[in-house]
Amino acid sequence: MNQCLQTIQDYGLRALGLGERLLPRSGFTLCEQVTLIGSGLIWNIYFAALALFFGFFLANALAVAKASRNPWARKPAEWFIFLFRGSPLFIQFFLAYEMLVQLPRAGIDVLGITVQTSWMTRAWAGALLVLMLNTAAYSAEIFYGALRNLPKGELEAADAYGMAGWTRWRRVVWPTAMRLAWPAYTNEAIFLFHATTLVFFSGFPAFQQRGDALYYANYFADKTFNPFIAYPIVAGYFVLLTIGLIALFGMVNRRLNRHLPGAAKKIRYRPNLIR
């Protein structure tokens with residue numbers, strides 16, 4: 001027990017650069033594998049949380065643009081959504097990395113100021129950008145569908161109350177669209193969280209061996225020639241975090257529908273088997 005506590009102290013935050021710098025070389029214990037893989041999971045949470053946060057706002061902007069009658073706003077949004085939904089995420093990682101490494105290593109001069117670009121080739125920045133753009137495209141299509149299927153009764157009621165412009169959008173259109181889109185958006189959030197495992201296989205390198213959960217799982221599987229311990233540990237972590245994600249999004253869903261009958265209904269996880 002004391003040895004396991006010492007292992008947690010040494011390797012619990014290794015993925016952030018804290019604790020022991022060198023990985024164990026032999027005699028791997030179950031505690032070491034659970035601790036190091038859990039440490040790497042911090043990066044998966046980082047990728048998913050930030051990509052969802054920024055992607056949510058970008059997706060709303062894209063959905064509004066796609067629903068616009070102005071072709072100068074609608075067409076770029078349609079092309080963006082089609083591009084990222086029409087190509088595999090794995091390929092997007094490789095193409096983005098190849099494009100980013102082509103940038104000058106010395107930086108780009110903007111108005112006499114040198115802007116460094118080398119940091120974009122690291123996983124913590126470049127892979128995050130790809131995940132954000134990808135989830136924004138999928139989420140934008142979900143939100144766009146919700147905007148196209150708003151109940152006419154609610155819109156007519158807003159008109160009857162004299163609502164127009166921003167007030168109508170803020171109090172009726174956007175909240176209703178979120179209520180309609182939230183169950184599907186929950187599945188998108190879960191898919192994105194699972195997709196963070198692809199960062200390990202992409203061309204983006206981890207910073208100073210501070211890899212994600214799959215990085216450490218692969219390390220232990222290669223050293224022990226036994227994938228049936230490390231990879232199930234990764235799967236277990238992801239199952240637990242998926243349950244937490246469903247609970248969190250369920251709370252938001254109940255908040256959005258608190259004024260409706262049967263608002264206590266839970267969101268059911270219905271994964272997209274083919275995407």
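**Group meeting: helices and rings in a predicted model**

Okay, let's start with a pair of helices: α4 and α5 pack at an angle of about 135°, and their axes are 10 Å apart. That angle makes α4 oblique to α5. The crossing of α4 and α5 is right-handed. Before I go on, please keep in mind that this is a predicted model.

If you're wondering why I give those two values, it's because two packed helices are described by the angle between their axes and the distance between the axes.

Helix α2 covers residues 30–66 and helix α5 covers residues 123–148, and they pack with their axes 6 Å apart, at an angle of about 40°. So α2 and α5 are oblique to each other too. Their crossing is right-handed. And what sort of residues make up the contact of α2 with α5? There are 25 nonpolar ones, along with 4 polar and 2 charged.

On to the aromatic side chains. How many aromatic pairs does the structure hold? The count is 24. Let me show you one of them, Phe90 with Phe94: the ring centres are 5.0 Å apart and the planes sit at 85°, and because that angle is over 60, the pair is edge-to-face. Both residues belong to helix α4, residues 89–101, and since they are 4 residues apart there, about one helical turn separates them. Are they buried or exposed? Well, in between: Phe90 has 32% relative accessibility, so it counts as partly exposed, and Phe94, at 33%, counts as partly exposed as well.

Here's another pair, Tyr185 and Phe249. Their ring centres are 5.9 Å apart with the planes at 50°, so this pair is tilted. Where do the two residues sit? Tyr185 is in helix α7, residues 165–195, while Phe249 is in helix α9, residues 227–256, so the pair ties together parts that are 64 residues apart in sequence. As for burial, Tyr185 has 3% relative accessibility, which means it counts as buried. Phe249 is buried too, with a relative accessible area of 8%.

That pair also belongs to something with more members. Ring pairs link Tyr185 and Phe249 into a cluster with Phe53, Phe54, Phe56, Phe57, Phe143, Trp174 and Trp182.

Lys66 lies over the face of Tyr144, and the distance from the ring centre is 4.7 Å.

Gln6 is placed in helix α1, which runs over residues 2–11. Its relative accessible area is 39%, so Gln6 is partly exposed. What about Gln6 and Glu32? They are 26 residues apart in sequence, and in space their C-alpha atoms are 10.0 Å apart.

Last stop, the backbone at Phe225. You'll find Phe225 in the loop between α8, residues 213–224, and α9. Its phi is near 55°, a positive value in a residue that isn't glycine. Why bring that up? Because most residues other than glycine have a negative phi. And is Phe225 buried or exposed? It has 74% relative accessibility, so Phe225 counts as exposed.

How values were computed
Residues are numbered from 1 along each chain as its sequence is written. This is a predicted model: local features need pLDDT of at least 70, side-chain atom pairs count only at pLDDT 80 or more; totals for chains, interfaces and linings use all residues. Side-chain values use heavy atoms; hydrogens and water are left out. Rings of Phe, Tyr and Trp (its six-membered ring) pair if their centres lie within 6.5 Å; planes under 30 degrees apart count as stacked, over 60 as edge-to-face and the rest as tilted. Buried means under 20% relative accessible area, exposed over 50%, partly exposed in between (1.4 Å probe, protein chains only). A charge sits over a ring if NZ of Lys or CZ of Arg is within 6 Å of the ring centre and within 35 degrees of the ring normal. Axes are lines fitted to C-alpha atoms, for helices over the stretch in contact, and angles run from 0 to 180 degrees between N-to-C directions. Angles under 35 degrees count as roughly parallel, over 145 as roughly antiparallel, 65 to 115 as roughly perpendicular and the rest as oblique. A crossing is left-handed if the near helix is turned anticlockwise from the far one by less than a right angle, and right-handed if clockwise. Ala, Val, Leu, Ile, Met, Phe, Trp, Tyr, Cys and Pro count as nonpolar, Asp, Glu, Lys and Arg as charged, and the others, Gly among them, as polar.
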